[in-house]
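Here's a quick tour for anyone meeting this structure for the first time. Have a look at it first, then read on.

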Amino acid sequence: MPTIGVISQTPDNLYSAQVIDGIRDIAESRDFAVSKIDGQHYHTANLQGIIAIAHEAPDDLLWQIHNDGIPLALVSHQVPDLPVPSVIPNNWLGIARLVEHLIVERNRSRIVFLGGLKSQVDAVQREAAFRDELLRYHITQPESYFLRGNFERDVAARAVEEFAASNQPFDALIAADHIMGLSALEVLREAGIHVPKQVSVVAFDDNEQARRAGLTTVAGELAGLGRCAANQLLAMIRGIEVLGVTTLGLQLIVRRTS
Amino acid sequence: MESFAVNQSEIIQKATQGQLKVHNRELLLRAIYSGEINNRAALAQLTNLTKGTVSLLIAELMDEGYLIETGLGQVQEGPGKPPRLLRFVPTARQVIGLSINSERIEGVLANLDGQVAVYHKHLIGDRKGSEVVDLLQKVINGLVIQQSAQLLSIGIGSEGILDTQNGIIINLPSLGWRELPLGSLLSEHYGVPVYLANSTQLVAVGEYVFGKAIRSSGIAVVSVNDSVGVGLLLNRASYENGNDIGEFRLSHVPLKEALSWQHVKDRIHELRRSYPATVLPETNLTYLHLNYASAQGDPVALRIYDELAETLATIFVWIIMLHRPDYLSLVGQIADLGALLLDKITLKMQDSISRQLINSTILLLDSSPDLIPIGAVAHVLHLELGIV
């Protein structure tokens with residue numbers, strides 16, 4: 001059976017797992033198998049094409065794959081000048097919606113931003129979008145309100161714990177993904193801070209866990225990213241030339257935490 | 001001669017009947033799409049078509065997937081069967097809307113209600129001529145491959161001089177396009193109708209159909225991007241037009257220069273010497289920085305606002321005087337300057353026209369990047385289905 005390879009160093013993390021689910025949906029419906037691969041050995045795997053998720057394959061490896069003539073698509077990643085299509089969440093629109101919700105609908109003004117991994121394109125765009133929105137609403141925020149969570153539960157928890165203990169006033173928190181958002185919720189509740197009465201908590205991306213926790217999110221369906229990337233790759237395997245960056249529409253889902 | 005005359009009249013009759021059928025389909029679709037009417041009897045009443053004609057056309061539209069029945073309604077008065085309710089199916093087809101300018105090609109794949117399923121874009125870089133056409137096809141491919149329904153049509157918004165009737169880009173120097181039959185080229189490749197229109201005009205169409213100007217009697221749009229454009233949709237959409245006015249000179253300077261981002265940056269650079277304590281950053285400056293700085297009372301920012309407002313007020317005054325639109329929207333990244341810009345434009349306009357006249361038009365701002373592709377979608381829905 002023809003096979004698509006997926007490069008993801010952390011295939012079991014929630015983010016990658018959902019993206020890979022989406023890839024499988026499309027690939028298997030078109031009789032392609034999906035195989036998680038170690039990027040360094042891609043040339044031995046007899047693959048029709050490769051999808052690389054996030055920043056987990058180094059840029060020079062991606063160039064090598066492309067130069068070897070293997071169809072390649074990227075999810076949540078872009079490499080300057082590399083002529084392959086990619087799919088990324090609509091980071092600018094998503095953050096703009098979250099900020100608008102907090103400031104206009106919930107009257108918040110001291111917003112902490114819990115960011116992702118500095119080297120990853122979604123993290124960079126979401127933080128840049130947040131800074132732009134602060135300008136738009138004329139809000140001055142010290143750098144101490146920008147926390148680093150690296151898209152990891154424990155790192156995010158420590159960052160929020162430290163901030164909460166610093167006694168700097170805040171009334172909202174935006175987490176750059178729902179994993180960190182859920183972590184922040186736990187920390188704030190343990191610290192005796194009432195959500196949403198004292199602090200609204202919102203996050204980027206949505207899933208069943210976020211729904212159960214009542215987390216307000218802006219939903220860019222992760223499996224949808226995988227499906228789009230699979231569509232791109234399968235088209236290229238069929239000989240259709242595709243270039244550009246695809247982003248998906250998203251919506252604000254207001255729940256208990258805001 | 002006689003047989004020729006008979007043939008001609010048969011041809012004319014068939015053409016007229018064909019057009020009539022299209023017209024009637026559009027009438028029915030529009031009534032159901034708008035939510036005005038949802039059953040056959042009411043459609044017949046509204047349109048003055050016979051019940052038989054309505055039923056035939058509805059059956060056709062249902063076969064094609066545009067309409068479904070959703071159950072039984074209530075009997076309005078007297079005896080009779082309850083009507084079978086009809087609903088428009090926005091996912092029956094999808095439409096691609098595109099925007100092309102000197103920097104990028106961007107597009108949307110949308111359902112028939114304007115809901116965007118997917119956005120897609122690519123920078124043009126140094127490409128010119130046929131390289132841009134090649135890139136355009138690769139971007140369109142990026143949308144086509146994400147389809148979840150049959151593609152109805154493609155709409156394209158562009159600047160430059162266009163022959164929109166024949167889908168030809170007559171002259172667009174920034175892309176090295178001259179006498180390019182873009183419409184037919186793409187139509188042949190993708191097997192669907194392709195419609196071309198002025199970008200700013202499409203913004204007006206999009207705002208009228210899906211945006212803030214829904215059900216108004218008209219909207220005018222001023223766009224500031226590579227150049228300056230004006231788009232009009234007036235008299236309940238009976239008149240629409242759009243054109244580039246970037247070459248028009250105010251105080252000897254073309255509008256597209258006077259309102260350009262480069263000009264703004266150059267002015268800021270000059271004004272820094274007089275106001276070295278400005279809060280505006282030296283690098284990575286954006287309109288949002290100006291917005292923020294103006295709220296801090298920064299003199300450089302406020303001066304820029306005044307200068308831009310002066311120029312824009314002149315354009316706005318002419319549009320309001322000539323056309324009296326319900327809405328006048330300023331679009332493009334310049335809209336990130338925010339409400340203060342509109343306040344200053346309003347003040348400047350009072351030098352030329354009465355407050356009453358100014359207040360008869362609602363001023364809007366919109367910096368969304370997808371206005372042109374969404375407008376292209378609305379344009380296509382109007383031309384292909386007549387539903388908007």
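## Ground rules

This is a predicted model, where local features need pLDDT of at least 70, side-chain atom pairs count only at pLDDT 80 or more, and totals for chains, interfaces and linings use all residues. Residues are numbered from 1 along each chain as its sequence is written, chains are lettered from A in the order in which they are written, and side-chain values use heavy atoms, leaving out hydrogens and water.

## Where the chains meet

Chain B puts 22 residues in contact (heavy atoms within 4.5 Å) with 23 residues of chain A. On chain B's side, Tyr119(B), Ile145(B) and Tyr292(B) lose the most area to chain A.

The rule finds 2 salt bridges across this interface, a salt bridge being a side-chain nitrogen of Lys or Arg within 4 Å of a carboxyl oxygen of Asp or Glu. Arg136(A) and Asp336(B) form a salt bridge, with their closest N and O atoms 2.9 Å apart.

## Helix H4 of chain B

Of its 15 residues, 11 are buried, meaning under 20% relative accessible area (1.4 Å probe, protein chains only). Among them are Val132(B), Lys138(B) and Leu143(B).

## A buried aspartate

Asp298(B) lies in the loop between helices H9 and H10 of chain B. Asp298(B) is buried without a salt bridge, and Arg272(B), the nearest side chain of opposite charge, is 7.7 Å away. The side chain of Asp298(B) does reach the backbone nitrogen of Val300(B), at 3.1 Å.

How values were computed
Helix = DSSP H or I, 4+ residues; strand = E, 2+ residues; numbered from the N terminus. Buried < 20%, exposed > 50% of the residue type's maximum accessible area, 1.4 Å probe, protein only. Lys, Arg positive; Asp, Glu negative; His and termini not counted. Polar contact = N/O pair within 3.5 Å; in protein donor to acceptor, adjacent residues only side chain to side chain. Buried area = accessible area lost by both parts, 1.4 Å probe.
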